[in-house]
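Hi there,

Here is the structure I promised to send over. Have a look at it first, and my notes follow below.

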Amino acid sequence: MTDLPSGRGPGRIRALLPERGAPRALALSTLVGQTGSGLLLPVSALFFTRSVGLSAAQVGVGLAVAGLTGLAAAVPAGRIADRFGARGTYAAALAGQALATASFALVHSLWAFIAVTCVAAVAERGGAAARGAVISSVGVGEARVRLRALLKSVTNAGLSIGTALAAFALAADTRAAYLTVLLLNAGAYAVAALPLRKVPPVRPAPTGPAAPARRTVLRDRPYAQVTLVCGLTSIHYDVLSLALPLWIADHTSAPEWTISAVVLANTVLVVLLQVPFSRGTGDVDTAARVVRRSGWVLLAGWAAIACAVLASAPLAALGLLLVGMTLHTAGELWQSAGSYGLSYELAPDGSHGEYQGFFSLGRGVTGVVAPLALTTLCLAPGPDWRPVGGWLLLGAVVALVASAAPYTARRARPVPDTPGTPAVPRVTKDPALTQESV
């Protein structure tokens, strides 16, 4: 992948686009699929409650069960991608998502909702693991991380487009409108599989007695520690989607349209800046330092957001929130870029599907526990000092966890192979163990 040119004009714009071939095909696939996801995102809850007839509590139970099922399927799905080929597994997962989404039109009971939602979650998690393996095969080092960052920008763009188009279905508020969204989303997943034909197939990992020894991610403690650090620091996603809107609406004097303003600002900045912020993160040490930096920047951003409660003037509160969101976005960009680099560079060749599936568990588990943590800390009832203290405590914890990134990355770094000798696995420092941590 080429670096951004120093000049201006068309050359700079072209540099922001993916290269021809596999990178561009992956970007197109991502744009189509995420546009479909953006269509369904703001509509799904209303469809299930108003059209299907489920209660909000039933929808919550179904989504929770599906979320746990998806988490359990992540590593096995990654192994399937490594064993049978990542590109084909990714295409099959997209087809599964298309079928599951279309099947929601036939759902009329809680159990049917849970079953279909679980299938959709397994397909989504499996597709994410296989997609990570596909990306790992397109480039190495800096190029691979830059592609992953570019795909995140494309993801945000697609979600924004789909969410904007969903406004028409929300305005109609009819079953026919919601079913149209479902079918469009299912079609988008199916169409998203077509560009993958331009992506070279990923050679399956060799098997049999002659195959080289492979590490199993569930026994790779150093990689698990990196996953934990990156997973916990990814709570910024939940801050943006859950804590921040409720904080602005219920605790500050800023007008409620500020919610849309700060979320839009975050989306635009991520689309424009994720690739530049990823520079250098194809190197393990640089990626770890970037994750460490992100924690302290997030702390500064959340401190500014917390201080908005102290501003009685709406304009002052708005200013503090915009400053906080700018810092939050910078922390998000660095955390994402550093995590991409560590997840790829610390995974062994031939096991990227399994390792990417496992790495996604860090973010998945954090997403499960984040609502309780954020409502307890950042949205605590009572005097203002309680939630303000919660914001600061959350930021301090994230900053401290992020500070461990360089240490965990050094422990997880694979030992270089010596030509003509077997690969040397990482060895755990636990004296109670005599076997290597593989």
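Which residue's side chain meets that of Arg-413 in a salt bridge? The partner is Asp-285, at 2.5 Å from N to O. A salt bridge here is a side-chain nitrogen of Lys or Arg within 4 Å of a carboxyl oxygen of Asp or Glu. Arg-413 sits in the segment after α16 and Asp-285 in helix α12, so the pair ties together parts that are 128 residues apart in sequence. Both ends are partly exposed, Arg-413 with a relative accessible area of 33% and Asp-285 with 34%. (Buried means under 20% relative accessible area, exposed over 50%, and partly exposed in between, with a 1.4 Å probe and protein chains only.)

Before you read on, please note that this is a predicted model, in which local features need pLDDT of at least 70 and side-chain atom pairs count only at pLDDT 80 or more, while totals for chains, interfaces and linings use all residues. Residues are numbered from 1 along each chain as its sequence is written, and side-chain values use heavy atoms, with hydrogens and water left out.

The overall picture

The protein chain has 16 helices and zero strands; these are DSSP runs numbered from the N terminus, with H or I of at least four residues for helices and E of at least two for strands. Of its 438 residues, 49% are buried.

The structure holds six salt bridges. One of them joins the side chains of Glu-354 and Arg-79, at 3.2 Å from N to O. Glu-354 belongs to helix α14 and Arg-79 to helix α4, so this pair ties together parts that are 275 residues apart in sequence. Glu-354 is buried at 2%, whereas Arg-79 is partly exposed at 35%.

Lys-152 also forms a salt bridge, with Glu-332, and the closest N and O atoms are 3.2 Å apart. Lys-152 is in helix α7 and Glu-332 in helix α13, so parts 180 residues apart in sequence are tied together. Here Lys-152 is buried at 6%, and Glu-332 is buried at 3%.

Around α16

Helix α16 (residues 405-412) is mostly covered, with six of its eight residues buried. The cover over those buried residues includes α9, α12, α13 and α15. Arg-410 is also found in α16, but Arg-410 is exposed, with a relative accessible area of 53%. Together with Arg-289, Arg-292 and Arg-293, Arg-410 forms a positive surface patch, and α12 gives the largest share, three residues. (Patch residues have over 30% relative accessible area and no salt bridge; like charges are joined within 9 Å, nonpolar side chains within 5 Å. Lys and Arg count as positive.)

Around α7

Leu-31, Ile-161, Leu-165 and Phe-168 make a nonpolar surface patch of about 390 Å², with the area from the Shrake-Rupley method and a 1.4 Å probe. Helix α7 (residues 141-172) gives the most to this patch, three residues. Ile-161, one of its members, is partly exposed at 41%. Ile-161 is also in contact with Thr-35, a residue of helix α2 that is buried at 15%.

Enjoy exploring, and write back with any questions.

Best wishes

How values were computed
Contact = heavy atoms within 4.5 Å. Charge placed at Lys NZ, Arg CZ, Asp CG, Glu CD. Lists of a residue's contacts leave out its neighbours within four places in sequence.
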